Amino acid sequence: SDVLSATGFLKSCVMTSNWEGNECIKAIAKSCGECIQVGAKCGWCMDPGFLKQGEATSTRCDELESLRKRGCSSTKVENPQGSQWILKNKAVTNRIKGAENLRAEDITQIQPQKLTLSLRLGEPQSFNLKFKRAEDYPIDLYYLMDLSYSMKDDLENVKNLGTQLMLEMSKITSDFRIGFGSFVEKKLLNPCTGDQNCTSPFSYKNLLTLTSNGQEFNTLVGQQQIDGNLDSPEGGFDAIMQVAVCGEHIGWRNVTRLLVFSTDAGFHFAGDGKLGGIVLPNDGKCHLENNMYTMSHYYDHPSIAHLVQKLSDNNIQTIFAVTEEFQPVYMELKNLIPKSAVGILSANSSNVINLIIDAYNSLSSEVILENSKLPEGVTIMYQSRCKNGVTGEGEMGRKCSDISIGDDVSFTIRITAKQCPKMGKPETIKIKPLGFNEEVEITLNFICECDCHKDGIENSDICHNGNGTYECGACRCNEGRIGRQCECSTNEVTIEDLDKSCRKDRGTDICSNNGDCVCGTCECKKRENPEERYSGMFCECDNFNCDRSNNKLCGGHGHCECRWCICDANWTGSACDCSLDTTTCLASNKQICNGRGTCECGTCKCTNPKFQGPSCEICPTCPGVCTEHKECVQCRAFGTGEKKDTCERDCSYFNLIKVKDRDKLPQPGQAFPLMHCKERDANDCWFYYTYAVNKKSEKEVHVSALRALTSSPLWAGVVAGIVLIVLALLLIWKLLMIIHDRREFAKFEKEKMNAKWDTVREWR
């Protein structure tokens with residue numbers, strides 16, 4: 001067992017360094033079920049003969065393309081796919097106001113309503129959800145009013161609210177109901193002072209169950225009196241909680257539910273009850289007796305989070321009608337409560353109807369999707385396609401705004417599972433638009449096992465006398481057994497077994513240092529690249545250390561087996577880089593290399609050094625080459641000659657390189673033959689160039705930019721005449737100089753004699 005532990009430790013170290021990148025191999029899956037849970041890219045080969053010598057059972061788990069390349073038929077690959085079934089898909093209702101009456105439960109605003117998803121881990125399943133805001137949809141509105149003393153003048157204006165609101169709401173829906181409730185604070189003693197006419201406070205009263213009789217609302221509100229309270233914050237959260245959870249008492253239907261919360265003060269929340277000695281947290285349950293909240297002295301105020309949950313669970317949209325002084329406070333509260341709105345209430349609540357209508361229009365023009373709690377390891381993403389082509393993703397993908405009655409919007413919902421549930425049972429989640437009673441119910445089934453698992457044979461003889469279950473082409477060993485066929489017990493392996501069975505000979509490493517000895521058999525290491533493998537009884541072979549050509553293993557024309565290239569048909573060489581196909585050497589006359597060479601590795605080797613080209617068809621030094629290319633060189637280099645008008649079309653078959661003068665032209669003795677050419681151009685000047693075919697079989701022309709005059713008779717006569725004239729002029733100039741010099745000398749002699757006579761006369 002110590003040896004096994006050491007071996008396992010060594011294996012884990014090796015895996016960490018070599019297996020990063022391919023998650024399928026990195027998982028070391030021992031069964032098909034473990035394999036498909038790794039990720040959607042992983043498949044399991046069920047072919048019993050798939051594994052080669054030295055490959056562990058876990059190598060059956062690999063990426064699909066890698067399994068195919070390794071020779072596993074697609075019919076033998078277990079690769080279950082996710083799927084979906086829509087179980088209820090009632091179309092959204094196209095209803096117009098004034099049409100036949102429909103029950104609320106017969107109106108559909110969201111589609112589909114129920115579906116089942118089968119999730120393969122890592123593979124998302126997507127479906128589309130459609131929402132359409134129905135026209136003339138029923139509305140229930142509950143008016144919850146603060147009846148503390150400061151709301152005395154507001155109460156007077158609310159007394160006629162019922163009939164007026166019924167009239168206004170009839171413009172929106174033909175099915176409207178209204179209810180009324182009031183709140184002050186948890187019960188205290190002697191809240192009123194002086195001669196104020198008020199009753200002792202109460203936490204919440206349900207005064208009128210939802211009704212379509214607006215006059216009844218007016219009558220009942222007219223009977224109410226204000227109550228007293230000692231501090232400014234009110235106990236409205238207690239009242240909101242009871243309105244939300246006491247559906248039967250309030251009379252809520254499965255329609256649009258609006259709660260109007262009217263106050264001119266702040267609010268108490270969880271923890272404030274301790275000031276009155278109340279320490280038990282609010283339980284979120286209904287405690288109405290005779291329409292009165294009876295547990296206000298027993299339970300603390302609810303927290304904001306608790307209210308958000310209950311309002312959402314019961315599809316209630318809240319409108320906070322508050323005075324301007326407290327608008328900032330309730331705006332912050334609105335940000336915490338989805339599908340809520342805040343309106344500024346005038347000092348005496350005279351604008352309450354307009355406030356309610358505006359808030360309703362604002363709330364109903366926006367749809368926000370929310371989902372129930374997701375199972376562990378499940379994620380959900382939303383993408384919205386809203387009005388006027390507006391799209392959103394992430395959190396913005398949950399909502400659409402500016403929706404009018406009759407508008408269609410849609411959402412793409414993508415659900416992905418990252419792990420299988422612990423109990424292995426299906427899970428159910430729900431998605432619904434906030435403030436609406438309709439929802440989509442989604443059952444999630446998790447694909448955590450392969451289909452072939454059902455056909456497994458327990459205690460199979462294939463697994464060494466029944467020491468494992470034979471399933472999906474491999475043995476799943478019973479506890480305490482190891483080996484490909486479960487042939488060994490974890491208590492029977494010794495160091496001697498490892499040394500004896502896992503060395504090729506005494507002088508070599510265990511498993512050639514490319515694997516681990518498990519149960520006397522080499523299990524070769526995995527590599528980061530799934531296409532690279534060690535193999536062999538002693539892991540002495542691999543398929544990635546063969547010769548390469550053009551940086552490709554075996555030239556891309558073969559495969560590597562035990563460090564030797566096995567070439568494909570018509571290829572040979574140590575790197576499979578030599579083609580045996582001679583079609584590339586055929587010339588236009590159907591001869592191989594024009595009969596002037598041999599075809600080696602698909603390329604002509606010319607036997608006569610004068611010839612070049614892919615088919616030995618080019619002779620750069622043969623007679624006639626200069627004349628053949630003269631016109632094209634002239635037109636491209638100097639823009640003259642017979643082909644100057646068709647130069648681009650006829651003369652683009654060679655590369656032209658200009659040099660300064662004749663001395664700069666390439667000289668004989670370079671790697672490939674070249675021809676020196678001297679031709680006369682259209683201006684009767686000599687131009688010089690070389691013609692050659694380089695190693696890439698490209699034609700090259702180097703041309704001197706400096707041209708020379710030719711030696712024609714006409715030019716010779718002209719030159720001779722010029723020379724004679726110059727010589728004659730030189731002779732005349734020489735003669736004139738001689739005459740001039742003699743005259744000057746004679747003049748000098750004469751003056752010299754005159755000077756001599758003058759001296760003699762003076763002496764005498």
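View 1. At 23% relative accessibility, Arg-253 counts as partly exposed. Partly exposed lies between buried (under 20% relative accessible area) and exposed (over 50%), with a 1.4 Å probe and protein chains only. Asp-175 is also partly exposed, at 28%. The two side chains meet in a salt bridge, 3.0 Å from N to O. The term salt bridge means a side-chain nitrogen of Lys or Arg within 4 Å of a carboxyl oxygen of Asp or Glu. Asp-175 sits in the loop between H6 and S9, and Arg-253 in the loop between helix H9 (247-250) and strand S11 (256-263), so the pair ties together parts that are 78 residues apart in sequence. Helices (H or I, at least four residues) and strands (E, at least two) are DSSP runs, numbered from the N terminus.

The model is predicted: local features need pLDDT of at least 70, side-chain atom pairs count only at pLDDT 80 or more, and totals for chains, interfaces and linings use all residues. Residues are numbered from 1 along each chain as its sequence is written, and side-chain values use heavy atoms, with hydrogens and water left out.

**View 2. The Asp-140 to Arg-177 salt bridge.** Asp-140 pairs with Arg-177, the closest N and O atoms being 3.3 Å apart. Asp-140 belongs to strand S8 (residues 139-146) and Arg-177 to strand S9 (residues 176-183), so the bridge links parts that are 37 residues apart in sequence. Both residues are buried.

View 3. The side chains of Glu-439 and Lys-430 form a salt bridge of 3.3 Å, N to O. Glu-439 is partly exposed, with a relative accessible area of 30%. Lys-430 is partly exposed at 35%. Elsewhere, shared partners join Asp-140, Asp-175, Arg-177 and Arg-253 into one salt-bridge network. A search of the whole structure finds 20 salt bridges.

**View 4. Packing of helices H6 and H12.** Two packed helices are described by the angle between their axes and the distance between the axes. Helix H6 (residues 161-169) packs on helix H12 (residues 352-364) at about 35 degrees, with the axes 10 Å apart. Axes are lines fitted to C-alpha atoms over the stretch in contact, and angles run from 0 to 180 degrees between N-to-C directions. The crossing of H6 and H12 is right-handed, meaning that the near helix is turned clockwise from the far one by less than a right angle. H6 contributes Leu-161, Gln-164, Leu-165, Glu-168 and Met-169 to the contact, and H12 contributes Val-352, Ile-353, Ile-356 and Ile-357. Contact means heavy atoms within 4.5 Å.

View 5. Most residues other than glycine have a negative phi, and most peptide bonds are trans. The bond from Gln-111 to Pro-112 is cis, with omega near 0 degrees. Pro-112 is in the loop between strand S5 (110-111) and strand S6 (114-120). Asn-291 has a positive phi, near 65 degrees. Asn-291 falls in the loop between strand S12 (288-289) and strand S13 (292-293), and is partly exposed at 31%. Asn-570 also has a positive phi, near 70 degrees. The loop holding Asn-570 runs between strand S34 (564-567) and strand S35 (571-572).
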